[in-house]
Amino acid sequence: MLVRTSTKLGPAIPSSEITPQHQVEQHNQTRRRFLAGAAAVGAATLATRTIPNLIHPNATVEAATDLPTVPSKYTVPDTQTPFNKATTYNNYYEFGTDKDQPAKNAHTLQIRPWTVQVTGLVKKPQTVNIDDLLKYRPIENRVYRHRCVEAWSMVIPWDGYSLSEFINFCEPLPSAKFVQFFTTNDKKSMPDRPGGYDWPYREGLRMDEAMNPLALLTFGCYGQVLPNQNGSPIRVILPWKYGFKSGKSIVRFHFLDKQPQTTWNEQNGQEYGFYSNVNPNVDHPRWSQARERRIDSSLLPHYIPTLMFNGYGDQVASLYAGMDLKKYY
């Protein structure tokens, strides 16, 4: 369980970025009501409250359990992708390689009980309960662009808090230069996982990337707990990188001093680089990355130009100053 209730938060936060007191109080009241309701129905009942189509694949996708959130300064003006499209068009190979398969198959994923291991170059290796992580910091609702390496994109309101908050809690040693994260490797939850891959799914970041405020430790979307096919119960979202960098259903964060192995980079390094920053000037070997198909409410294909770093250059470009982004793709 999570035993520490405070952590060093680094430099002072500018007053312009501090959440107003009335919003904090509103969040606390909502969270207390949420937790009280969860206690009333019992842990077993809460764990089985899933999106209907995960039980009956042909049913209509509806909202999952509410997740209390507070407003965030992180947003984009783009039209949001409808919930039913964001939750039925997914990449999650452990539940199928076709886009519609994860929504049909991910009902087998058991999301409670769930713990997250902290290992490697940290002050104290430990295991943290997912429900303690949910209560650790206020959950923000952030609207991010989400770009897939396959040249399609969505605009999704994700719910979580900066990954840096969790990393501060983990207390990595000064020698830790990278963080690697692992998806669950539970064969019982993933009975039809395809062969030919070195499971579990692994991804990783340079430490300064992981500490960037945009990197989101994510528990929900659209104000609801994450649907299984979207990476329940905990994942990361890295909006300036291609989607496969944003590991799902994470069970372990491992801190190390050397660049870690990652699943797709190891599987096919020519097509999937370690950094995987969205870059319209570096094509995938099999297609152009200069434009993308935006998945929105339109019935017709909607194509738009791809932006460098997915439009987040002001926040992240300095991380790669002096690097040849065609070499370090």
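**Entry 1**

The model is a predicted one, and I read every value here as computed from it.

I then searched the whole structure for aromatic pairs, and the search returned 20. In one of them, the ring centres of Tyr-161 and Phe-219 lie 5.5 Å apart with planes at 45 degrees, so I recorded the pair as tilted. The two residues belong to distant parts of the chain: Tyr-161 sits in strand β4 and Phe-219 in strand β7 (residues 216–221), 58 residues apart. Tyr-161 also counts as buried, at 2% relative accessibility.

I noted a second tilted pair, Tyr-197 with Trp-199, at 5.3 Å centre to centre and 40 degrees between the planes. Is each of these two buried or partly exposed? Tyr-197 is partly exposed at 23% relative accessibility, while Trp-199 is buried at 14%; the cut-off for buried is under 20%. Both belong to a cluster linked by ring pairs, together with Tyr-93, Phe-244, Trp-264 and Tyr-272.

**Entry 2: The nonpolar cores**

I next asked which residues of the largest nonpolar core touch the most other members. The core has 68 residues, and the answer is Leu-163, Phe-166, Phe-219, Trp-240, Phe-253 and Phe-255. Strand β4 (residues 152–162) supplies the largest share of this core, six residues. A second, separate core holds eight residues, including Tyr-201, Trp-264, Tyr-272 and Val-278.

I listed the contacts of Trp-240, leaving aside neighbours within four places in sequence. Among them are Glu-209, Asn-212, Leu-214 and Ala-215, as well as Asn-277, Val-278, Phe-309, Tyr-312 and Tyr-320.

**Entry 3: The chain as a whole**

I counted the elements next: the protein chain has ten helices and twelve strands. Of its 329 residues, 50% count as buried. The chain exposes about 15,500 Å², of which carbon and sulfur atoms supply 52%. Among contacts with a separation of 6 or more, 72% are between residues 24 or more positions apart.

**Entry 4: The five-stranded sheet**

I traced an open sheet of five strands in the order β2-β1-β10-β5-β6, with mixed pairing. Why is one side of β2 and of β6 left without a neighbour in the sheet? β2 (126–129) and β6 (202–206) stand at the edges, and each has a single partner strand, so one side of each has no neighbour there. Neighbouring strands of this sheet are turned by 20 degrees against each other on average, direction ignored.

Within the sheet I examined β5 (residues 178–183) and β10 (residues 250–256), which run antiparallel and are joined by six bridges. Phe-182 has Arg-252 as its bridge partner in β10.

Helix α7 packs on this sheet, where it touches β1 (115–120), β2, β6 and β10; the direction of α7 makes about 65 degrees with that of β10.

**Entry 5: Helix α7 and the residue after it**

I asked how many of the eight residues of helix α7 (residues 163–170) are buried. Seven are, and the helix is mostly covered. The buried residues are Leu-163, Ser-164, Glu-165, Phe-166, Ile-167, Phe-169 and Cys-170. Two of these, Leu-163 and Phe-166, were already noted among the core residues that touch the most other members.

Glu-171 follows α7 and lies in the loop between α7 and β5. Its phi is positive, about 55 degrees, although Glu-171 is not a glycine. Glu-171 is partly exposed, with a relative accessible area of 28%.

**Entry 6: Other backbone features**

I found a positive phi, near 55 degrees, at Phe-309 too, again in a residue other than glycine. Phe-309 is in the loop between β12 (303–305) and α10 (313–316), and is buried with a relative accessible area of 5%. Phe-309 is also one of the contacts of Trp-240.

Lastly, I looked up cis peptide bonds. The bond from Arg-112 to Pro-113 is cis, with omega near -5 degrees; Pro-113 is placed in the loop between α5 (101–105) and β1. Another cis bond joins Ser-232 and Pro-233, with omega about 0 degrees. I located Pro-233 in the loop between β8 (224–225) and β9 (235–237).

Key: Residues are numbered from 1 along each chain as its sequence is written. This is a predicted model: local features need pLDDT of at least 70, side-chain atom pairs count only at pLDDT 80 or more; totals for chains, interfaces and linings use all residues. Side-chain values use heavy atoms; hydrogens and water are left out. Buried means under 20% relative accessible area, exposed over 50%, partly exposed in between (1.4 Å probe, protein chains only). Helices (H or I, at least four residues) and strands (E, at least two) are DSSP runs, numbered from the N terminus. Contact means heavy atoms within 4.5 Å. Accessible areas come from the Shrake-Rupley method with a 1.4 Å probe; for residues, only the protein chains shown count as cover. Two strands pair if DSSP finds at least two bridges between them. Axes are lines fitted to C-alpha atoms, for helices over the stretch in contact, and angles run from 0 to 180 degrees between N-to-C directions. A nonpolar core is a set of buried Ala, Val, Leu, Ile, Met, Phe, Trp, Tyr and Cys residues joined through side-chain atoms within 4.5 Å. Rings of Phe, Tyr and Trp (its six-membered ring) pair if their centres lie within 6.5 Å; planes under 30 degrees apart count as stacked, over 60 as edge-to-face and the rest as tilted.
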